[in-house]
Amino acid sequence: MMLAAQTVITAFTFIGLFGGKVTPAGNTASAMLVYALPLLIIANILTLFYWLIRRCWYLAAIPVVTVLCCIPYIGTVFQFRSLPTDSGARQGIKIATYNVARFGKETSGFMAKDILSEMKKQKVDVFCIQEYSEMSGDKKNSVSYKEYFPYMAKGNDDMVIFSRRPILASKNIPFEYSNSSAMWADIDFRGKRLKVFNVHLETTGFNRTLHQVAKIQANGHQVETNRLLRAIYGNYTLGMVVRAGQAVTVANERNNAHIPSIVCGDFNDIPYSYVYNVMLGDMVDGFKECGSGWMYTYRGAKSFRIDYIFHDKALKGITYYTSKLTYSDHFPVIMKLAVN
């Protein structure tokens, strides 16, 4: 029984490791196993202890090899290093990305201004916002931001890039049949031209399904568990397929850029997924380069890293961290980059 269990666990682990290499369209089972990799790694460690206790040394080699093959994945979710410090002596550009959840739809403008204060404190040069809202009551948030960020580029209504450096050009990248979108802006940083992508990919649909169920139950109707699970799975797999297509669109746009690029935003997907790999391409994951610990960016029950900053190899990461603002279901991600 244990050998059969070990075989299944090992097979599922390797399918999960390669699940991020194939498009979710037609391969939803392998794509979903990427999400189960943390549990599969734990299961391999538990079976390793079992074989060691039984002194089955040759069988203990199976989970050992399997876990060693998972090291590249583990590096995308956890980094065994202390957080690098920045004394300010090293020159560079500081990028921040934050899904602000429309500033909670509050009307006083306090939330937007407090987020701005945090960006000032962190000395952010370029601030990419997803789910942006221009109006807080009768106040325009862009007016408040203009004093510190004199330059602004807008994509769709909920996408904006604020900058302390001149914006030379910008472009909106709409996605078909979706409220999500992406955009880019060319930033002039001390005579160097950088292309900054601000990306917001399709949501999972998980929370939307639960919200719909709650409304049905509030009206006195019952929802069968099997029906609910099918709806959640259907929305989740549909979201994976839609995000995959959106990621390809952004990747193609970035591949056509002939200047150093930075890609950041809310990808709504976990590390090592197909979306992650397509968006990353030949770029550098800032977290793997200079992040520390378990740096999750989603504040809900699903504590995963779904917000990212990637950069071309022509740039060099100095620091990468999150700010513990609680105005959204996301944390802002901040990275400082040296521009060679």
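So, at what angle do helix 1 and helix 4 pack, and how far apart are their axes? Helix 1, residues 2-19, packs against helix 4, residues 57-69, at about 15°, and the axes are 10 Å apart. By axes I mean lines fitted to C-alpha atoms, for helices over the stretch in contact, with angles running from 0 to 180 degrees between N-to-C directions. Helices here are DSSP runs of H or I, at least four residues, and strands are runs of E, at least two, numbered from the N terminus.

Quick housekeeping: this is a predicted model, where local features need pLDDT of at least 70 and side-chain atom pairs count only at pLDDT 80 or more, while totals for chains, interfaces and linings use all residues. Residues are numbered from 1 along each chain as its sequence is written, and side-chain values use heavy atoms, with hydrogens and water left out.

Okay, back to that pair. Helix 1 and helix 4 are therefore roughly parallel; the label goes to angles under 35 degrees, with over 145 being roughly antiparallel, 65 to 115 roughly perpendicular and the rest oblique. On the helix 1 side, the contact is made by L3, Q6, T10, T13, F14 and L17, and helix 4 brings L59, I62, P63, T66 and C69. Contact means heavy atoms within 4.5 Å. Those residues split into seven nonpolar, four polar and no charged.

Helix 4 has another partner, helix 3, residues 37-53: their axes come within 8 Å and cross at roughly 160°. That makes helix 3 and helix 4 roughly antiparallel. Helix 3 puts in N44, I45, T47, L48, W51 and L52, facing W57, L59, A60, P63, V64, T66 and V67 of helix 4. Here the count is ten nonpolar, three polar and no charged.

Now, which residues does Q122 touch? Leaving aside residues up to four places away in sequence, Q122 touches K94, Y321 and I334. Q122 sits in the loop between helix 6 (110-121) and strand 2 (126-130). With a relative accessible area of 15%, Q122 is buried; buried is under 20%, exposed is over 50%, and partly exposed is in between, using a 1.4 Å probe and protein chains only.

Last bit, the cores. A nonpolar core is a set of buried Ala, Val, Leu, Ile, Met, Phe, Trp, Tyr and Cys residues joined through side-chain atoms within 4.5 Å. The largest has 24 residues, and I93, I95, V126, I262, I309, Y320 and L337 have the most contacts inside it. Strand 8, residues 181-189, supplies the largest share, four residues.

Methods
Nonpolar A, V, L, I, M, F, W, Y, C, P; charged D, E, K, R; others polar.
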